[in-house]
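Student: I would like to learn how to read the folding and packing features of a model. Could you take me through one?

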Amino acid sequence: MIYQSKIEKEEIVQMPMCSIRGRIIVIDSPVGIDCAISALREAETIGFDTETRPSFVKGVFYKISLLQLATPTTCYLFRLQMIGKNESLKALLEDPSVKKIGLSTHDDSRSLQRWMPCRPAGFVELQKYVKPFGIEEMSLQKIYAIVFGEHISKAQQLSNWEINPLTPAQQQYAAIDAWACLKIYEHLRKQKI
């Protein structure tokens, strides 16, 4: 199936809002990491995204704040600055047998390497994956709208990802981004080009 190649923001805001059904688990200490990684390793494919506190001052940059990894039923939000470097998480990111679906994964990989030196592997870049389906858009919001006819809100995108605790709205936003990547990939994978 070939999808429309482009979509305008005006069209997207008229669409129904995307909602998720599933658990969101925030991991803000080393406790719980191994259990989360075990569950993630059981999934054939996982959704992937990261968040970094935005800077509104020229020349000021922040380290990565959040790593989101999602199965079809659960999204794990790893608060990287709180849990510190973690070998189990590093091993998962470097494991080529665990397929990780994301958008702009090259940029996220560089941010992860500044958090903890690693060699991320097993990543599928959605911006490239959608091209054979006729989709030319580069943003997750637009790709999701083309494929599913739903609107992903970006209201929390520029929020402070270092606050503690994360607000429910931030948790939803972060989880939706990882789930949406996985959902797009799984949907398109079943289509015939």
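Predicted model: local features only at pLDDT ≥ 70, side-chain atom pairs only at ≥ 80, totals over all residues.

Student: How many helices and strands does the secondary structure of the protein come to?

Tutor: Helices (H or I, at least four residues) and strands (E, at least two) are DSSP runs, numbered from the N terminus. Here there are eight helices and six strands, in the order α-β-α-β-β-β-α-α-β-α-β-α-α-α along the sequence. The radius of gyration, taken over C-alpha atoms, is compared with a globule rule of 2.2 Å times the number of residues to the power 0.38. The protein has a radius of 16 Å, close to the 16 Å that the rule gives for 193 residues, so it is as compact as a globular protein of that length. Its C-alpha trace spans about 45 × 40 × 30 Å along the principal axes.

Student: Which residues have the most contacts inside the largest nonpolar core?

Tutor: A nonpolar core is a set of buried Ala, Val, Leu, Ile, Met, Phe, Trp, Tyr and Cys residues joined through side-chain atoms within 4.5 Å. The largest one has 37 residues, and Leu126, Leu140 and Ile184 have the most contacts inside it. Two or more residues come from each of β3 (64–70), β4 (74–79), α7 (140–148) and α8 (168–189); α8 gives the most, with eleven. A second, separate core of 23 residues includes Ile33, Phe78, Val98 and Trp115.

Student: Is α7 mostly covered or mostly open?

Tutor: Covered: eight of its nine residues are buried, among them Leu140, Tyr144 and Val147. These buried residues pack against α1 (9–13), α6 (126–129) and α8, where contact means heavy atoms within 4.5 Å. Beyond its neighbours within four places in sequence, Leu140 touches residues including Leu126, Cys181 and Ile184. Just after the helix, Gly149 takes a positive phi of about 65 degrees.

Student: How should I read the aromatic pair of Phe48 and Phe123?

Tutor: A pair of aromatic rings is described by the distance of the centres and the angle of the planes. Rings of Phe, Tyr and Trp (its six-membered ring) pair if their centres lie within 6.5 Å; planes under 30 degrees apart count as stacked, over 60 as edge-to-face and the rest as tilted. This rule gives six aromatic pairs. Phe48 and Phe123 are edge-to-face, at 4.8 Å centre to centre with 80 degrees between the planes. Phe48 lies in strand β2 (residues 45–52) and Phe123 in strand β6 (residues 123–125), so the pair ties together parts 75 residues apart in sequence. Phe48 is buried, with a relative accessible area of 0%. Elsewhere, Tyr129, Phe133 and Tyr185 form one aromatic cluster.

Student: Where is Ser55 placed?

Tutor: Ser55 is in the loop between β2 and β3. At 28% relative accessibility, this serine is partly exposed. Leaving aside neighbours within four places in sequence, Ser55 is in contact with Val60, Phe61 and Tyr62.

Note on methods
Residues numbered from 1 in each chain as written. Heavy atoms only, no water. Buried < 20%, exposed > 50% of the residue type's maximum accessible area, 1.4 Å probe, protein only.
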